[in-house]
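I want to look up a few residues and jot down what I find.

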Amino acid sequence: MQGPAVVVRCRDASSPWLREILAGMEEEGVPVLVEEVSEGDGVALAFAAARLSSLDVGVGVADEVCVHHAKRPAGSPALTGPLARARVLGQNAARLVVGIPLK
């Protein structure tokens, strides 16, 4: 991985929900690395992403959006929400990194 970034793992890199997550993170000024994977639920994808992220925060996109921190237990994401809230969840993932209050 190049430089510090939040890792986003998703099953479909062309998803409009992924675009919303990335837009939310960009609004907060936090760099992102996207990895497309073939399987996994949101929680598992988010935990794996957080463990890969040099910033300890990862996002998983499947049937829902999950935001995880590497220091939390595997099955206990920091935030979970429907795909329709993808942009806000992206913003909040970035805010976990920056250390400012969540939206």
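Is Cys66 buried or exposed? I get 0% relative accessibility for Cys66, so I log it as buried (buried is under 20% relative accessible area, exposed over 50%, partly exposed in between, with a 1.4 Å probe and protein chains only).

Ground rules for myself: this is a predicted model, where local features need pLDDT of at least 70, side-chain atom pairs count only at pLDDT 80 or more, and totals for chains, interfaces and linings use all residues. Residues are numbered from 1 along each chain as its sequence is written, and side-chain values use heavy atoms, with hydrogens and water left out.

Cysteines next. I looked up Cys10 too, and it is buried at 1% relative accessibility. My search of the whole structure finds zero disulfides (a disulfide here is a pair of cysteine sulfur atoms within 2.5 Å).

Then Gly81. I find it in strand β5, residues 79-81 (strands are DSSP runs of E, at least two residues, and helices are runs of H or I, at least four, numbered from the N terminus). Gly81 is buried at 10% relative accessible area. Leaving out residues up to four places away in sequence, Gly81 touches Glu64, Val65 and Leu89 (contact means heavy atoms within 4.5 Å).

Last, Glu20. I place it in helix α1, residues 16-27. Its relative accessible area is 30%, so I call Glu20 partly exposed. With residues up to four places away not counted, Glu20 touches Ala86 and Arg87.
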